[in-house]
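Here is a short briefing to read alongside the model. Please keep the sequence and the structure open as you go through the points.

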Amino acid sequence: MVKTRAHVSEVDPVWSRITEEAQAAITDEPLLGGLVHSSILHHNTIESALAYRISLKLASPEMPEQILREICDWAHVADPEISQAARADIVAVNDRDPACDRYILPMLYFKGFQAIQAYRVAHWLWHNERQDMARFFQMRSSEVFGVDIHPGARIGRGIMIDHAHSIVIGETAVVGDNVSMLHSVTLGGTGKEEEDRHPKIGSGVLIGAGAKVLGNIIVGNCSRIAAGSVVLQEVPPCKTVAGVPAKIVGEAGCDQPSIQMDQLLGVR
């Protein structure tokens, strides 16, 4: 008797929703048909679309799009975590940003999302003995997106960087899962120290606009850093800090500050 094996198609809800939204976008605005087709509908997988979009953005006279596309494709094949994290990032942006009502928007328009995806490829390069190419990705991301993330930094899934202007994340920084940060955030050092010199941000943390977190300090899970604060000392989990220098001003106010996105300090 001939044995048959059932073929089960791979299910990718995030990519399916993106392609459905792409079709609707062309119906609503036909003049964007070329952009939407080349960026979304021309591709069979989210990995292919991400590689195309990032390579297009980072290409320059110094490095053509085709070479960057091949690098991004290699990275996605070698490390499936890159695209898994991208899916979580898309869902995070859609859930937390009131200006985002479709999954397609981060892919096409949001430079915070695009900069994080460029970083993820650069991080793969950095840890596969291609540091110079990783630095090229970092340089171009800084020039194109205004986001400067060292490829050696470690960043988790479900990251939202809202507006994403003037973001700086240093080489030994660690950012946990489900972190949200606003524009002009710095995760930096305090001088010319070498080795482990940058902050360790826990999961579920909300970092307000213009906040500076400096030095090899720990910011505990599910804490909040108020806008404009300068954090120089460790932040316990589930606390809110504010000021220059930042001090504890109360509890975080909820289980997941990065998801609630509540930036008011007890003011209603």
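A residue is called buried if its relative accessible area is under 20%, exposed if over 50%, and partly exposed in between, using a 1.4 Å probe and protein chains only. By that scale, proline 151 counts as buried because its relative accessibility is 0%. This is a predicted model, in which local features need pLDDT of at least 70 and side-chain atom pairs count only at pLDDT 80 or more, while totals for chains, interfaces and linings use all residues. Residues are numbered from 1 along each chain as its sequence is written, and side-chain values use heavy atoms, with hydrogens and water left out.

**Helices H1 and H5**

- Helices (H or I, at least four residues) and strands (E, at least two) are DSSP runs, numbered from the N terminus.
- Helix H1 covers residues 13–28 and helix H5 covers residues 81–96; their axes come within 10 Å and cross at roughly 60°.
- The axes are lines fitted to C-alpha atoms, for helices over the stretch in contact, with angles running from 0 to 180 degrees between N-to-C directions.
- H1 and H5 are therefore oblique to each other, given that angles under 35 degrees count as roughly parallel, over 145 as roughly antiparallel, 65 to 115 as roughly perpendicular and the rest as oblique.
- The H1 and H5 crossing is left-handed, a term for a near helix turned anticlockwise from the far one by less than a right angle, with clockwise giving right-handed.
- Glutamate 21 belongs to helix H1 and is buried, at a relative accessible area of 11%.
- From glutamate 21 to glycine 208 there are 187 residues along the chain, and their C-alpha atoms are separated by 31 Å.

**Cysteines**

- There are 0 disulfides in the structure, where a disulfide is a pair of cysteine sulfur atoms within 2.5 Å.
- Cysteine 238 is partly exposed, with 37% relative accessible area, whereas cysteine 72 counts as buried at 0% relative accessibility.

**Rings and charges**

- Arginine 17 sits over the face of tyrosine 103, 3.9 Å from the ring centre; a charge counts as over a ring if NZ of Lys or CZ of Arg is within 6 Å of the ring centre and within 35 degrees of the ring normal.
- The structure has 0 aromatic pairs, meaning rings of Phe, Tyr and Trp (its six-membered ring) with centres within 6.5 Å, where planes under 30 degrees apart count as stacked, over 60 as edge-to-face and the rest as tilted.

**Loops and backbone details**

- Proline 151 is found in the loop between strand S1 (147–149) and strand S2 (154–155).
- Proline 151 and leucine 32 are 119 residues apart in sequence, and their C-alpha atoms are 33 Å apart in space.
- Which peptide bond is cis? A cis bond joins valine 244 and proline 245, with omega about -5°, and proline 245 lies in the loop between strand S14 (239–242) and strand S15 (247–251).
- Asparagine 178 is not a glycine, yet has a positive phi of about 55°.
- The loop between strand S5 (174–175) and strand S6 (180–181) holds asparagine 178, which is partly exposed at a relative accessible area of 31%.
- Asparagine 178 is 9.6 Å from proline 257, C-alpha to C-alpha, although they are 79 residues apart in sequence.
- Serine 184 has a positive phi near 65° and lies in the loop between S6 and strand S7 (186–188).

**Strand S10**

- Valine 213 is part of strand S10 (residues 212–214) and counts as buried at 0% relative accessibility.
- Valine 213 and glycine 243 are 30 residues apart along the chain, with 12 Å between their C-alpha atoms.
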